Amino acid sequence: MERMLYRVSEVAGFLGISRGKAYQLIGSGELRSVKIGGCRRVRVEDLRAYLDSLAPEVDECTA
């Protein structure tokens, strides 16, 4: 069965950012998460939605 929840540190690793930055994204609401007991987790669909919301940078030389 595919994993449905990831720890914040795992999400940070996937995104290539620090754990603190991942918590900032969660705190700002940019990246949704759930809390189970005292554990913060990111649902795989919320991680995908965050990635889909990122606009790719346009290279001004080719635009």
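Five salt bridges are counted in this predicted model, a salt bridge being a side-chain nitrogen of Lys or Arg within 4 Å of a carboxyl oxygen of Asp or Glu. Because the model is predicted, local features need pLDDT of at least 70 and side-chain atom pairs count only at pLDDT 80 or more, while totals for chains, interfaces and linings use all residues. Residues are numbered from 1 along each chain as its sequence is written, and side-chain values use heavy atoms, with hydrogens and water left out.

One of these pairs joins glutamate 2 to arginine 48, with 3.4 Å between the closest N and O atoms. The pair connects distant parts of the chain, 46 residues apart: glutamate 2 belongs to the segment before β1, and arginine 48 to helix α3 (residues 44-53). Helices (H or I, at least four residues) and strands (E, at least two) are DSSP runs, numbered from the N terminus. Arginine 48 counts as partly exposed at 46% relative accessibility; here buried means under 20% relative accessible area, exposed over 50%, and partly exposed in between (1.4 Å probe, protein chains only).

Arginine 43 takes part in a salt bridge with glutamate 45, at 3.3 Å between the closest N and O atoms, and in another with aspartate 46, at 2.8 Å. Arginine 43 is partly exposed at 27% relative accessibility, as is glutamate 45 at 38%, whereas aspartate 46 is buried at 8%. A network of salt bridges also links Arg3, Arg7 and Glu10.

Turning to the strands, an open three-stranded sheet has the order β1-β3-β2 with antiparallel pairing, where two strands pair if DSSP finds at least two bridges between them. β1 and β2 stand at the edges with a single partner strand each, so one side of each has no neighbour in the sheet. Neighbouring strands are turned by 45 degrees against each other on average, direction ignored; axes are lines fitted to C-alpha atoms, for helices over the stretch in contact, and angles run from 0 to 180 degrees between N-to-C directions.

Strand β1 (residues 5-7) is joined to β3 (residues 39-43) by three bridges. Leucine 5 has arginine 43 as its bridge partner in β3, and arginine 7 has arginine 41. Three bridges likewise join β2 (residues 34-36) to β3, with valine 34 partnered by arginine 41. In the hairpin of β2 and β3, which has two residues between the strands, glycine 37 adopts a positive phi near 65 degrees.
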